[in-house]
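Hi,

Here is the structure I promised to pass on.

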Amino acid sequence: MRLKVSHRTTYRYDHPVSYGLQELRLTPKSRAEQQVLSWQTHIEGARKEAEFDDQHMNHVMLLSISDDAEIVVTSHGEVETSDKSGVVGRHQGFAPLWLFRRPTDLTRAGNLTRKLAGGLPHEYPDELPRMHELSRRIRESVDYLTGQTDAETTAEMALEQGQGVCQDHAHIFLAAARGMGMPARYVSGYLMMDDRVDQDATHAWAEAHLDGIGWVGFDISNGISPDERYIRVATGLDYREAAPISGLRYGDHGKENLSVDIQVQQQ
């Protein structure tokens with residue numbers, strides 16, 4: 001399937017930002033399940049300082065901001081995708097596999113996480129059915145509802161609320177899988193919706209590393225493994241390492257207004 005993506009992010013401030021730095025992880029890479037046919041990123045109100053691949057082999061663009069009150073980042077391109085039933089395959093990158101067993105502040109397992117995953121290794125000794133069952137339990141425990149959580153919401157907090165979005169579902173999966181000793185990572189990217197073209201956020205899911213298979217994806221929010229409608233862009237230990245845009249700013253720039261406009265459609 002050939003997918004066309006347009007992703008525009010606009011930051012507006014009451015006063016010009018005296019200085020800031022931003023990291024962009026917006027460029028997908030060609031892999032077994034996807035071939036990038038074309039991809040471009042345009043920057044307004046900021047300057048590109050460097051480009052590099054991070055420890056997860058994500059392509060990163062570093063921007064500097066100086067005396068601008070509006071920053072616009074636009075990415076667009078086409079990607080040819082195929083359905084691999086969520087299987088990404090062998091581990092690659094500079095980060096060792098054992099690192100993905102390590103909890104982070106957003107994915108630290110607490111009592112609720114341990115209760116959710118209770119008995120799974122014994123009930124499902126095979127890893128693949130176990131991860132699908134974990135995905136099902138998370139989806140039943142945390143209703144998908146926007147506006148109830150934010151980028152700082154932990155896996156345990158989302159379980160306590162019983163509400164969240166794809167980011168929260170992925171963080172709970174990571175916390176539970178790592179609690180069982182399995183390497184797991186966060187994935188950010190795009191999903192072509194069946195009922196709409198326009199979207200206001202990127203999508204997120206999780207991957208677990210299974211013996212004899214490698215990395216396998218689980219979209220907890222939709223109850224499936226990623227197929228040809230998905231484009232993988234960045235991976236990390238949690239959202240913070242795979243966020244499309246992250247950074248810091250200095251100075252009194254007043255209120256920040258953020259708008260995100262995304263279109264994903266079959267070409």
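Below is what I found, going from the whole chain to single residues.

First, some housekeeping. This is a predicted model, where local features need pLDDT of at least 70 and side-chain atom pairs count only at pLDDT 80 or more, while totals for chains, interfaces and linings use all residues. Numbering runs from 1 along each chain as its sequence is written, and side-chain values use heavy atoms, with hydrogens and water left out.

On the overall build: the protein has 6 helices and 16 strands (DSSP runs numbered from the N terminus, with H or I of at least four residues for helices and E of at least two for strands). Its radius of gyration is 19 Å, close to the 18 Å from the globule rule for 267 residues, so the protein is as compact as a globular protein of that length (the radius is taken over C-alpha atoms, and the rule is 2.2 Å times the number of residues to the power 0.38). Along the principal axes, the C-alpha atoms fill a box of roughly 60 × 40 × 40 Å. Of the 267 residues, 47% are buried (under 20% relative accessible area, 1.4 Å probe, protein chains only). Among contacts (heavy atoms within 4.5 Å) with a separation of 6 or more, 75% come from residues 24 or more positions apart.

Now the sheet. 5 strands make an open, antiparallel sheet in the order E3-E6-E1-E16-E11 (two strands pair if DSSP finds at least two bridges between them). E3 (34–44) and E11 (198–199) are the edge strands, each with a single partner, so one side of each has no neighbour in the sheet.

E16 (residues 256–266) is joined to E1 (residues 2–17) by 11 bridges, with the two running antiparallel. Within E16, serine 259 sits opposite threonine 10, and isoleucine 262 is the bridge partner of histidine 7. E16 also pairs with E11, again in the antiparallel sense, over 2 bridges. There, aspartate 198 has glutamine 263 of E16 as its bridge partner.

Is threonine 113 buried or exposed? Its relative accessibility is 1%, so threonine 113 counts as buried. Beyond its neighbours within four places in sequence, threonine 113 contacts Glu156, Leu159, Ile172, Ala175 and Ala176.

Cheers

Definitions and conventions
Buried < 20%, exposed > 50% of the residue type's maximum accessible area, 1.4 Å probe, protein only.
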